[in-house]
Amino acid sequence: MNATAAPEKRRWEAPYAEASIDAVVRVPGSKSMTARALVLAALASGPSTIRRPLIARDTHLMVAGLRSIGVAVDTGDDDAWTVTPGEFRGGSSVDCGLAGTVMRFLPPVAALADGPVAFDGDPHARKRPNDGVIKALRGLGVDIEDGGRLALPFTVNATGRVKGGALEVDASKTSQLVSALLMAAPRFENGLDLRHVGDRPVPSRPYLDMVVQMLRQAGAEVDDSEPNRWRVAPGELQGREWTIEPDLQNAAPFLCAAVAAGGRVTVEGWPTETTQAGDAIRDVLVRLGARVEWTRGGLTVIGSAAPIPCELDLADASELTPCLAALFGVSEGPFAIRGVAHIRGHETDRVSALVTELRKIGADVDEFEDGFRVNAGGRTPGTWSTYADHRMAHAGAVAGLAVRGLVLDDVACVSKTWPDFAEAWEQAVHGKG
Ligand SMILES: O=C(O)C1=C[C@@H](OP(=O)(O)O)[C@@H](O)[C@H](O)C1
Ligand SMILES: C=C(OP(=O)(O)O)C(=O)O
């Protein structure tokens with residue numbers, strides 16, 4: 001199997017919860033930390049080791065992209081990848097798949113190569129917003145050929161140097177624009193003084209804490225003391241050893257299962273301190289009435305009889321939207337999720353996709369520009385479409401716990417961040433996890 005290719009579709013009947021759940025789950029490494037560790041390692045002046053990396057399509061695409069511009073990445077040991085940086089080569093091409101991290105993080109790195117680097121991706125990747133990255137690099141003096149599309153496919157006509165300096169961007173469509181520029185900034189001649197000037201705030205802000213923390217760990221000087229402004233001094237990044245935390249976004253559907261089906265779910269190795277946005281699921285589940293406890297094995301959630309109605313603003317943790325929407329879609333309600341207009345630009349238009357699928361299972365749902373309200377849940381069986389989006393598959397799995405006979409039209413899309421998700425889910429629902 002080609003680990004970077006879009007997977008062949010696979011239908012899957014989501015397991016129905018005949019009884020309450022009692023599972024212990026080990027989730028793979030964080031996509032966002034693995035992506036940042038790879039990029040920072042490539043930009044460093046010496047070799048790095050990445051322990052417990054996420055092994056999935058998005059991180060394989062990142063590795064392949066880095067290799068194509070001349071970075072040596074050894075992925076022979078699943079528990080420790082090693083990265084040996086080199087001069088960035090032009091005359092190469094990068095497949096972004098459907099990975100936001102690849103299509104945003106690699107163009108500023110490629111701008112430091114000695115010639116053109118071409119970027120393209122899956123059909124839907126061409127529809128995801130990338131005007132921010134293209135405009136920002138142009139603002140820094142980098143030539144980009146995009147046929148006027150301001151989106152994939154495009155070519156970065158790199159000359160080996162980026163001047164850097166002051167730059168204003170509108171990062172309201174994706175926080176990844178800021179992360180991308182900050183990581184490459186120490187290698188810009190004048191560093192970077194970046195300001196977000198959009199009308200709407202930057203979404204998914206914990207990811208900015210993550211990038212700043214990881215940059216500092218690699219030896220960069222970063223000043224983020226002013227809101228919406230980040231200053232990065234020019235300088236060398238150090239190679240180092242990175243240890244990747246478990247992915248809390250991917251843990252969230254399992255924790256939601258304890259509420260949807262009743263019972264208890266423990267996620268092993270939950271970090272007590274983290275910059276991961278997915279950590280917000282703990283507070284959300286408490287608000288819904290679940291018990292959330294630290295246990296020696298990790299974090300345990302014990303589901304309540306029925307989730308307590310509420311309205312959530314998930315602007316900072318919007319990847320939780322699909323699995324929570326599914327939980328709400330099979331519960332009494334009402335529940336609302338707001339502040340997530342930007343997820344219309346994720347792997348699919350998630351607001352529209354969730355509203356469509358929840359209505360198919362019989363839920364009464366109102367759609368807003370920035371979210372939706374589930375007035376009452378439903379339990380009608382049928383086909384749940386996943387739109388090539390891993391988190392729509394996670395959502396279908398959560399809904400399927402309560403809807404007997406719910407069939408996902410494709411579960412293979414989970415390969416983006418967790419190729420074995422369906423097996424782990426079946427194990428959690430049917431057997432002792
Ligand atoms: O920087 C990152 O690793 C990510 C930032 C977020 O992107 P958006 O700001 O586009 O939501 C998040 O949704 C994505 O899955 C990962
Ligand atoms: C939005 C997501 O991914 P990406 O990194 O492709 O933006 C996601 O994983 O939910």
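## A facing pair and its sheet

Let us start with a pair of residues: Glu145 stands opposite Thr155 in E9. Strands E8 and E9 run antiparallel and are joined by three bridges. Here helices (H or I, at least four residues) and strands (E, at least two) are DSSP runs, numbered from the N terminus, and two strands pair if DSSP finds at least two bridges between them. The model is a predicted one, in which local features need pLDDT of at least 70 and side-chain atom pairs count only at pLDDT 80 or more, while totals for chains, interfaces and linings use all residues. Residues are numbered from 1 along each chain as its sequence is written, and chains are lettered from A and ligands numbered from 1 in the order in which they are written.

E8 and E9 belong to an open sheet of four strands, ordered E6-E7-E9-E8 with mixed pairing. Strand E6 (92–95) and E8 are at the edges with a single partner strand each, so one side of each has no neighbour in the sheet. On average, neighbouring strands of this sheet are turned by 20° against each other, direction ignored; axes are lines fitted to C-alpha atoms, for helices over the stretch in contact, and angles run from 0 to 180 degrees between N-to-C directions.

Most residues other than glycine have a negative phi, and most peptide bonds are trans. With that in mind, the loop between strand E8 (143–145) and strand E9 (154–157) is worth a look, and it holds Pro153. The bond joining Leu152 and Pro153 is a cis peptide bond, with omega about -5°. Leu150 is found in the loop between E8 and E9 too, and its phi is positive, near 55°.

Another cis peptide bond runs from Gly333 to Pro334, with omega near 5°. Pro334 sits in the loop between helix H9 (321–329) and strand E19 (335–338). Arg52, which is not a glycine, has a positive phi of about 50°. Its place is the loop between strand E3 (48–51) and helix H2 (57–68), and Arg52 counts as buried because it has 20 C-beta neighbours inside 10 Å.

## Helix H2

H2 has 12 residues and reaches 16 Å from its first C-alpha to its last, close to the 16 Å expected at 1.5 Å a residue; the expected span is 1.5 Å times one less than the number of residues. How many residues of H2 are buried? Nine of its 12 are, leaving the helix mostly covered. Among them are Arg57, Asp58, His60 and Leu61.

The buried residues of H2 pack against helix H1 (31–43), strand E4 (72–74), E6 and helix H3 (100–110). Contact here means that the C-beta atoms of two residues, placed from the backbone, lie within 7 Å. Just after H2, Gly70 takes a positive phi of about 105°.

## A sheet with a helix across it

A further open sheet of four strands has the order E18-E19-E21-E20, again with mixed pairing. E18 and strand E20 (364–368) are its edge strands, each pairing on one side only. From one strand to the next, the twist averages 10°.

E18 and E19 pair in the parallel sense over four bridges, and Cys310 has Phe335 in E19 as its bridge partner. H9 lies across E19 and strand E21 (371–376), running at about 160° to E19.

In an unreviewed entry, UniProt places the feature "domain: Enolpyruvate transferase" at residues 19–424. The end C-alpha atoms of residues 19–424 lie 17 Å apart, and the span is 30% helix and 23% strand. UniProt positions are given in the numbering used here, feature names are shortened, and annotations may be inferred rather than shown by experiment.

Which residue does UniProt list for "active site"? The unreviewed entry lists Glu319. Glu319 is placed in the loop between strand E18 (310–313) and H9. It counts as buried because 26 C-beta neighbours lie inside 10 Å. Not counting residues up to four places away in sequence, Glu319 touches Gln249, Ala277, Gly278 and Arg391.
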